[in-house]
Amino acid sequence: MSAIRICALDELGQDEALKVEVGDVAIAIVKDSSGTVHAIGDTCTHGDISLSEGFVEGETLECWAHGSKFSLLTGKPLSLPAYEPVPVYRVTIVDGDVYVDPTDTIAV
Ligand code: FES
């Protein structure tokens with residue numbers, strides 16, 4: 001699969017997460033406070049919780065259920081109870097649009 005257009009860059013709020021489904025892959029798209037866009041697996045590895053319903057803080061996305069913070073750069077949980085990483089997908093910005101390839105993980 002090649003990169004899929006997700007949305008316009010302007011549609012993403014700063015420090016907000018947007019859940020998208022690409023095929024059967026649920027992905028959280030996050031624009032951090034520096035304006036960088038990240039794409040990580042949306043499902044918390046501790047439970048069946050959508051990480052995009054959580055909180056963006058710096059370069060982390062926190063699961064609202066039990067507080068594990070996942071790195072937007074590596075997908076690794078930086079705090080318990082989750083201990084398994086979520087995938088991180090490559091994001092490209094072309095002409096002001098955000099593209100993600102769900103088959104192109106850059107960290108697992
Ligand atoms: S379900 Fe996410 S930390 Fe428990």
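This is a predicted model: local features need pLDDT of at least 70, side-chain atom pairs count only at pLDDT 80 or more; totals for chains, interfaces and linings use all residues.
Local features need pLDDT of at least 70, side-chain atom pairs count only at pLDDT 80 or more, and totals for chains, interfaces and linings use all residues. Numbering starts from 1 along each chain as its sequence is written, and side-chain values use heavy atoms, with hydrogens and water left out.

The protein has 9 strands and 0 helices. Strands are DSSP runs of E with at least two residues, and helices are runs of H or I with at least four, numbered from the N terminus. The order from the N terminus is β-β-β-β-β-β-β-β-β. The radius of gyration is 13 Å, close to the 13 Å of the globule rule for 108 residues, so the protein is as compact as a globular protein of that length. That radius is taken over C-alpha atoms, and the rule is 2.2 Å times the number of residues to the power 0.38. The C-alpha trace spans about 40 × 30 × 20 Å along its principal axes.

Of the 108 residues, 44% are buried, meaning under 20% relative accessible area with a 1.4 Å probe, protein chains only.

Now to D42. This residue sits in the loop between β4 (37–41) and β5 (55–57). Leaving aside residues up to four places away in sequence, D42 touches K19, A26, I27, A28, I49, S50, L51 and S52, where contact means heavy atoms within 4.5 Å.

Terms used. Buried means under 20% relative accessible area, exposed over 50%, partly exposed in between (1.4 Å probe, protein chains only).
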